[in-house]
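I opened this entry to keep track of what I looked up, going from the whole chain down to single residues.

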Amino acid sequence: MSKQFDVVVIGGGPGGYIAAIRAAQLGMQVACIDEWKNAAGGPAPGGTCTNVGCIPSKALLQSSEHFEHANKHFEEHGISTGKVTMDVAKMVARKDGVVKQNNDGILYLFKKNKVSFFHGRGSFEGKAEGGFAIKVAGKDTEVITGKQVIVATGSSPRALPGVAFDEETVLSNDGALRIGAVPKKLALIGSGVIGLEMGSVWRRLGSEVTILEGMPAFLPAADEAVAKEAKKVFDKQGLKIELGAKVGEIKTSKKGVSIAWTNAKGEAQTLDADKLIVSIGRVANTTGLNVEAVGLQMGERGDIVVDGECRTSVPGIWAVGDVVRGPMLAHKAEEEGVAVAERIAGQHGHVNFNTIPYVIYTSPEIAWVGKTEQQLKAEGVAYKAGQFPFLANGRARALGDTTGFVKIIADAQSDEILGVHIIGPQASELIAEAVMAMEFRASAEDIARICHAHPSLSESTKEAALAVDKRTLNF
Ligand SMILES: Cc1cc2nc3c(=O)[nH]c(=O)nc-3n(C[C@H](O)[C@H](O)[C@H](O)COP(=O)(O)OP(=O)(O)OC[C@H]3O[C@@H](n4cnc5c(N)ncnc54)[C@H](O)[C@@H]3O)c2cc1C
């Protein structure tokens, strides 16, 4: 007889492993199936986020930022270092170590919470008595059954038509995190979050970076004021971003890559580079899942169709994270995973899609939550806005990083905070206060009346809240 579980989770990324652990904590018998392999062929749970996404990219961003600080900013603190060099192999090995710590941490949590882990590919066999039969193709092949199934199979990088990833010259995010030596010239296609973060890593290490972006506007999802400031700073840093670029033929050779493209004025151009990173979005992972066996309804983009509570078209099957609608973010996947586990347990799991923060870990960092000014204008919502620059913040001056600002947008009548937009030092941490405030439906005045430590970057958030009503303290 096959092994039987209350819940079988297919996929062990942030959506899947968090759902599995939460379901086990709520007293259910849980299995989690994940096929990711480490270099030795062993299990490496954590999905894209842990293996080739959030965690390794932040490790490289940190290393490259230290390098840039040592080269360009230590001197102003009176620190002499002599010639600073970068051992790329060591940086990449450190990053691999950080990834492994996270893989091991997840395996430990599975054990601690009594989640049965299966290393291999999971696919639907069909309905079974009291649930669903799932085939696990790993070292051995076996069939397990689950009364409820959570699909959390994530996403994969989208390739340009006719230009496959070879991970040597044409790189996805995977290859971009394993480049063995600093390329002299690096080309990127796509100036979204991944393009900007990867471009920043290699620019800081000395590459001449050019990003070709098809859209005429830079970071259209961000508040326009933030996008404008970001473009100005990235230009100054030497990150070349070509907007409105149409990419044509791409030729690879032993020497590198040659990209024919047309600029915004319609002029034909050629970009030669040692390597090309393609970061034009991601596609839902459902290959080999055999969704037909259970009749799951699929969306036009190859995603699994779910309702607002992550229920698929088949009762008893749920789907969370990148494989469903909504922003492709690890914390969104985690929130959905927890909520689904709680719903299966009969509780009232909850995800507030209005308070999901967005972060870009460039320097300066960019973070926001809620609505942008351009969205509110389009929706005809009456609002007021306050902005405060880090240039006037004592802590930012002491840090030596005064780029950017905090901007708060509030409802014109009720003063409820509708959006907070930050570009500047530690924006990724500062945004948490805004998320909390919006979750509790705070007003701008609420933030303005909260005592913030001095000197701290968060005083800029307080000042922006005061500025909403045209007041200021100027710490
Ligand atoms: C370079 C990069 C940087 C990023 N940085 C951030 C960031 O800073 N912050 C952020 O919030 N997000 C970031 N993301 C996005 C984030 O990684 C994803 O949103 C997140 O990983 C989605 O989680 P998930 O659980 O839905 O899927 P995934 O993490 O993709 O996990 C899915 C797992 O399922 C496995 N799987 C797939 N099919 C099967 C099957 N049939 N059987 C068994 N296993 C299967 C896969 O191997 C994988 O392990 C980044 C992404 C990239 C590429």
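How far apart are the mean positions of the positive and negative charges of the chain? I found 3 Å between them, for 52 positive and 55 negative charges. I note at the outset that this is a predicted model.

**Overall form.** I looked up the secondary structure and found 13 helices and 21 strands in the chain. The C-alpha trace spans about 70 × 60 × 45 Å along its principal axes. I then checked the radius of gyration, which at 24 Å agrees with the value near 23 Å that a compact globule of 475 residues would have. Of these 475 residues, 51% count as buried, and the accessible surface of the chain comes to about 22100 Å², with 52% of that belonging to carbon and sulfur atoms. Taking contacts between residues at least 6 apart in sequence, I noted that 60% join residues at least 24 apart.

**Cores.** I next asked which residues have the most contacts inside the largest nonpolar core. That core has 37 residues, and the ones I was looking for are Leu-196, Trp-202, Leu-219, Phe-234 and Ile-366. Among the elements that each supply at least two residues of this core are helix 3 (54–73), helix 4 (88–112), helix 6 (193–204) and strand 18 (365–370). A second, separate core has 28 residues, including Ala-367, Val-369, Ala-442 and Ala-444.

Setting aside neighbours within four places in sequence, I listed the contacts of Trp-202, among them Val-88, Met-91, Ile-179, Pro-183, Leu-186 and Val-209. Val-92 has its place in helix 4, and I count Val-92 as buried because its relative accessible area is 12%, under the 20% cut-off.

Is Leu-219 buried or exposed? Leu-219 is buried, with a relative accessible area of 9%, and sits in the loop between strand 9 and helix 7. Its phi is positive, about 45 degrees, although Leu-219 is not a glycine. Asn-290, also not a glycine, has a positive phi of about 55 degrees; I place Asn-290 in the loop between strand 15 (282–284) and strand 16 (317–319), partly exposed at a relative accessible area of 35%.

I also recorded a cis peptide bond from Ser-363 to Pro-364, with omega near 5 degrees, where Pro-364 lies in the loop between strand 17 (358–360) and strand 18. Another cis peptide bond joins His-454 and Pro-455, with omega about -10 degrees, and Pro-455 is in the loop between helix 12 (444–448) and helix 13 (459–468).

How values were computed. Residues numbered from 1 in each chain as written. Predicted model: local features only at pLDDT ≥ 70, side-chain atom pairs only at ≥ 80, totals over all residues. Heavy atoms only, no water. Core = buried A, V, L, I, M, F, W, Y, C linked by side-chain atoms within 4.5 Å. Buried < 20%, exposed > 50% of the residue type's maximum accessible area, 1.4 Å probe, protein only. Helix = DSSP H or I, 4+ residues; strand = E, 2+ residues; numbered from the N terminus. Contact = heavy atoms within 4.5 Å. Rg over C-alpha atoms; globule rule 2.2 N^0.38 Å. Areas by Shrake-Rupley, 256 points an atom, 1.4 Å probe, with all protein chains shown as cover. Lys, Arg positive; Asp, Glu negative; His and termini not counted. Charge placed at Lys NZ, Arg CZ, Asp CG, Glu CD.
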